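Please look over the sequence and the structure below.

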Amino acid sequence: MDSNDFGLTEFFSEKTQKKLRFVLLGLIPAYIFYLLYLIVPIPLSFYYSLFSWSGIKDLVFVGLENWQLVLQDEIFWKALSNNFLLVILSLLIQIPIGLLLGVFISKKIKGYKIFRVVFFLPYIMSAVAVGILFSYIYDPNFGLLNNLLQMIGLGSLQSAWLGNRSLAIFSVIGAISWRFTPFYMILFSAALVSIPQSIYEAARIDGARGWQRFFSITLPMIKPTIVNACILSLTGSLKAFGLAFTMTGGGPNHASELMATYMYKTAFTDMEMGYGSTIGIYLFLIAFSISMTVLFFSKRKK
């Protein structure tokens with residue numbers, strides 16, 4: 001590829017052109033990976049959703065039958081309701097706590113770097129590791145949670161957290177919130193550090209108190225970051241898979257089923273690739289629609 005094709009010689013020196021070519025060549029594997037594993041599967045899933053296919057035998061064209069069956073599937077609606085519950089609780093738990101932790105570590109108090117590392121540890125752990133960890137914490141016989149409740153005199157609240165149909169989804173959401181809150185902490189911390197200190201100094205001279213500065217300066221200044229965090233939380237909650245699958249597999253009796261876990265089990269356990277692809281497309285359309293709606297109203301209000 002000649003750099004003259006892009007007019008690089010007109011703007012960059014020969015040394016800079018070599019660096020640009022090196023960077024572009026280095027990006028090629030990432031683009032290929034992104035294309036093959038993130039872009040191509042979307043139209044392929046649309047295609048497979050029109051067929052009845054086990055993944056091994058020949059494809060049998062069924063048109064929109066899979067799409068109609070999904071809308072009549074009680075398990076799908078249960079999974080969808082669990083996903084929306086996860087979305088709501090993630091917004092109410094992860095974003096506020098992440099913001100508070102971000103404010104805390106951005107104050108640069110003594111030892112703040114240690115706190116930053118400790119608080120961020122859950123996010124760098126794998127989903128499987130966190131799932132196994134919380135499975136032990138929630139264990140009804142020797143789990144940390146039940147033993148802690150017994151120690152503080154609340155033994156009546158002990159339960160089989162992952163085996164109780166009413167509590168299983170909330171137990172999974174607790175583990176998900178514990179893992180992903182540190183991500184928003186770092187996100188908000190970076191936004192808070194970028195706010196000019198001169199603004200706070202002027203407000204302090206004018207007599208504004210701490211909470212007044214927070215609501216009048218901090219929140220308005222990081223509003224774009226809050227919107228982005230909400231979108232990330234929405235999409236992440238809708239496609240959540242690893243923790244739920246590791247901890248409960250969607251059980252008991254689909255009580256903690258999510259769309260991603262149901263899609264996986266349908267496609268790779270029940271070997272109904274066409275139906276599983278249809279669930280995946282519904283998941284994609286719902287996540288895409290919600291994200292675009294949030295972006296539209298945030299930009300319109302701005």
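Which side chain meets that of Lys265 in a salt bridge? The partner is Glu257, at 2.8 Å from N to O. This is a predicted model, and the structure holds 2 salt bridges. Side chains of opposite charge can pair when their charged atoms come close. Lys265 and Glu257 are both buried.

The side chains of Glu201 and Arg204 also form a salt bridge, at 3.0 Å from N to O. These two residues sit in helix 10 (residues 197-205), 3 residues apart, which is about one turn of the helix. Glu201 has a relative accessible area of 41% and is therefore partly exposed. Arg204 is likewise partly exposed, because its relative accessibility is 40%.

The largest nonpolar core contains 20 residues, and Leu86, Phe134, Tyr138, Ile176, Leu243, Met247 and Leu258 have the most contacts inside it. Two or more residues of this core come from each of helix 5 (74-106), helix 7 (127-137), helix 9 (168-193) and helix 13 (242-247). Helix 9 gives the largest share, 5 residues. Leaving aside residues up to four places away in sequence, Leu86 touches Ile173, Ile176, Ser237, Ala240 and Leu258. Another core, of 17 residues, lies apart from this one and includes Leu80, Val87, Leu234 and Ile279.

Ile32 belongs to helix 2 (residues 14-39).

Technical notes. Residues are numbered from 1 along each chain as its sequence is written. This is a predicted model: local features need pLDDT of at least 70, side-chain atom pairs count only at pLDDT 80 or more; totals for chains, interfaces and linings use all residues. Side-chain values use heavy atoms; hydrogens and water are left out. Helices (H or I, at least four residues) and strands (E, at least two) are DSSP runs, numbered from the N terminus. A nonpolar core is a set of buried Ala, Val, Leu, Ile, Met, Phe, Trp, Tyr and Cys residues joined through side-chain atoms within 4.5 Å. Buried means under 20% relative accessible area, exposed over 50%, partly exposed in between (1.4 Å probe, protein chains only). Contact means heavy atoms within 4.5 Å. A salt bridge is a side-chain nitrogen of Lys or Arg within 4 Å of a carboxyl oxygen of Asp or Glu.
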